[in-house]
Each structure stands twice: as structure tokens, then as C-alpha cells.
Amino acid sequence: MITPRVQEAAARLPEVPAYLYDLPALDEHVASVRRALGPTELYYAVKANPDPELLRVLAGHVDGFEVSSAGEHAHVTGLLPGVPVALGGPGKTDAELRLPHHRLHVESPNELRRLLAAGVEADVLLRLNPDLPVEGAALTMSGPFGMDEDGVAECLPLFGDRVRLRGLHAHLASGLEAGQLLGLARALLDNAYEEVNLGGGMAVSYERPESRFDWATYGAGLAELGRGRRLRIEPGRALTVYCGYYVTKVVDVKRVRGRAYAVLLGGTHHLRTPATKGHDQPFTVLPTGKGQAVGEPVTLVGQLCTPKDVFARDIETSLRVGDTVVFAMAGAYAWNISHHDFLMHPKPAFRHLRA
């Protein structure tokens, strides 16, 4: 699961906790995704991980970047001047509606009227929240996101020469396999719009890290469905999750009421993903410690004063104080969604493996 190259780098880190990003692995993965997608445009959802070095690698393969705030917009355009940017997200301010963009994803009739009142030029995709069944999703984007068919109908008469309708945007769910996403795409493409952004939502399994989304099947299906149309997708997690690692050390091993616990430096204020999604974060132990190893089911926890600070529960492994623990699949929705300042522990270091 963790390559010898990553293990060697993790064992040599001068300080932990640290994030370790494997840039050549990211480059190889995104290049393969780009090849599989054929004519479908590929944007990266920056919210998954805005690390500058990752964005520079991604820029060599993607057609643009999807941002959801003025902060993300400034970050991306400052780092990569001239790159195509799609601006989305609910609750845009008037200042955000005036930001330069390649596409603007409008969330409501009121947002469109505010855009028109701003007097700027804009190429718009209307974000549709359709009434479609989404089974087996890890997360569904229902409720306040986008608008229903009545909202879209209310928007249509408002467009003119300065604010131009280009098509539809729809991000319905996360955690779906290629066949499920293609089924949703077929339903969404049953319209007259020539440009459709199908969002992201590609399945990523933390329980089965070796299982990867079938980009070849998805790309071939979109190529068939998209004949005569301009299709775009904007994945985040599925592009960067596999290149990231959170590296830390065991500071204490103890038993409480018959259960073994390994206390690690850092915690879910650095890597919130397992607490947020309720899974065991996959990991590898490097035997850098000394003393008696615990060879029984052990729960890996962090340094926070909360019982929710858990990385993995009751895992059969061998651990001792001083061992290095390398958590895999930490390249998306990890550091950037964590509550960094809880207890005011030190921030992790950030290191990048290069070719």
C-alpha cells in the first residue's frame, strides 16, 4: 500500500507530525485520468487540497480549476496566472460575483439577478438540483445546493448579451462508481444544453485502498454520451487522495479497561478525515521504536482532549513507543478541513517527494 520510496522518506523526516506528498505519483495518476477521459474536460476541485505544489503538478494535466470562494480564487490565480477558473459555491458575495472567471456556476434566481445588477460580463452555468434517485452515495448534495427545475425556468428569460447562459452544472453525490455516475449522466444529459458540467463524486474507498475508480469505463461512457456536447467534470478527492501521507510517531501505549490504545503525536486536528467520515484511516507501521511491542487489537488516537480524536479502532497490529505510523490516503480533505487550532498544538510540517 505504501511504496518503499515513501516508507524511506517517512522514516527520514526530521520532524513529525508531517504531511508527505508524493508528487511523481500524483503526476502519473492524473496523467492516466486525463488519457482515460478523452474529449471530456477535466477541472480540479481545489477544495479537496489547495497545496501549491499539488496545484502546480495538476496544472500540467487539467483544463482548469474549480474554486468556491474569493480566497480559493486568489490562491489559484496568484499561483497560476491565466489558468481557466470556474467559480462555484453557494452564498456568493457581490464581490465574488465580480471576480474574473471562465465559468460562473449560478446557484439561484436571486444570485443571477445580483449578477445582472453588478453590470459585469459572465458566462454562466445554472446549477441544477434535480429530483433524481442517488443510491449508494457516501454523501448527497441535496437541500440548499443549486436550484430545482422551476428555479432554472425562472432564470432563463433573464439572460442577455453581457450575462450569457452556457449550460448546466450538477454535482449530485460523492462516493459513486463509474456505472452509477454514467447512469446519472444519462439522465442529466436528457436536455437541450450543449455544455454540461457533471461535477465530481468518484468513489474512493478507505476500507479498500487498492480499489480505484474505473476511469477508463467512465471516460468511454462520457465520450459516447457527449457526442455533440461539451462535457466537463471536476473531481477533487479522486485525483489527490492517493498521493498524500500523514506521518507521526507513537508517544504512548497503554491499556484502559482491557483495551489497548496507542497515543500518537498530532491528531484529528491535523487529519480530520477518519473522524469526519467514520472510517479507519489505512496505515503502515515503521519499526523505529524500542521496547516491548503490543501485539493485539489497538486503537490509534491523537493528543486531543476528546474521545472523537480517533484514527483507527481495534486494529490487529504491532506497535511500540517510538514507532513511526504512516497514514495513507491523506491527500484530500485532510489538513484543509481540520480544526487546526483546537488545543493549539504545533502545526504539522509539509514535505514533498520529487522525481
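A: Some terms come first: rings of Phe, Tyr and Trp (its six-membered ring) pair if their centres lie within 6.5 Å, and planes under 30 degrees apart count as stacked, over 60 as edge-to-face and the rest as tilted. This is a predicted model, in which local features need pLDDT of at least 70, side-chain atom pairs count only at pLDDT 80 or more, and totals for chains, interfaces and linings use all residues. Residues are numbered from 1 along each chain as its sequence is written, and side-chain values use heavy atoms, with hydrogens and water left out.

Q: Which residues form the aromatic cluster?

A: One aromatic cluster is formed by Tyr19, Tyr21, Tyr246, Phe283, Phe311, Phe327, Trp335 and Phe350.

Q: And how many aromatic pairs does the structure hold?

A: There are eleven aromatic pairs. Among them is the pair of Tyr19 and Tyr21, which is stacked, with 6.0 Å centre to centre and 25 degrees between the planes.

Q: Is Tyr19 buried or exposed?

A: Tyr19 counts as buried because its relative accessibility is 0%. The label buried means under 20% relative accessible area, exposed means over 50%, and partly exposed lies in between (1.4 Å probe, protein chains only). Tyr21 is also buried, at 2%.

Q: Changing topic, where is Thr324?

A: Thr324 is in strand E17, residues 324–327. Helices (H or I, at least four residues) and strands (E, at least two) are DSSP runs, numbered from the N terminus. With a relative accessible area of 1%, Thr324 is buried.

Q: What does Thr324 touch?

A: Leaving aside residues up to four places away in sequence, Thr324 touches Val247, Thr248, Lys249, Thr284, Val285, Leu286 and Thr288. Contact here means heavy atoms within 4.5 Å.

Q: With which side chain does the side chain of Thr324 make a polar contact?

A: The partner is the side chain of Thr288, at 2.9 Å. A polar contact is a pair of N or O atoms within 3.5 Å; within protein, one must be able to donate a hydrogen and the other to accept it, and residues adjacent in sequence count only if both atoms are side-chain atoms.

Q: What about Asp131, buried or exposed?

A: Asp131 is exposed, at 73% relative accessible area. Its place is in the loop between strand E6 (122–127) and strand E7 (139–140). The C-alpha atoms of Asp131 and Asp22 are separated by 40 Å, and the two residues are 109 residues apart along the chain.

Q: On to cavities: how many are there of 30 Å³ or more?

A: There are two cavities of 30 Å³ or more. On a 1 Å grid over the protein atoms alone, a cavity is a set of points where a 1.4 Å probe fits but cannot get out, and a pocket is an open set with protein on both sides within 12 Å along at least five of seven lines; lining residues have an atom within 4 Å of a point. Grid points are joined across faces, edges and corners, and a volume is the space filled by probe spheres set on the points.

Q: What lines the largest cavity?

A: The lining includes His171, Leu181, Leu184, Gly200 and Tyr218, around about 90 Å³ of space. Helix H8 (residues 178–188) gives the most to this lining, with four residues.

Q: And which residues line the second largest cavity?

A: Glu177, Ala203, Val204, Ser205, Ser211, Arg212 and Phe213 line the second largest cavity, which holds about 30 Å³ of space.
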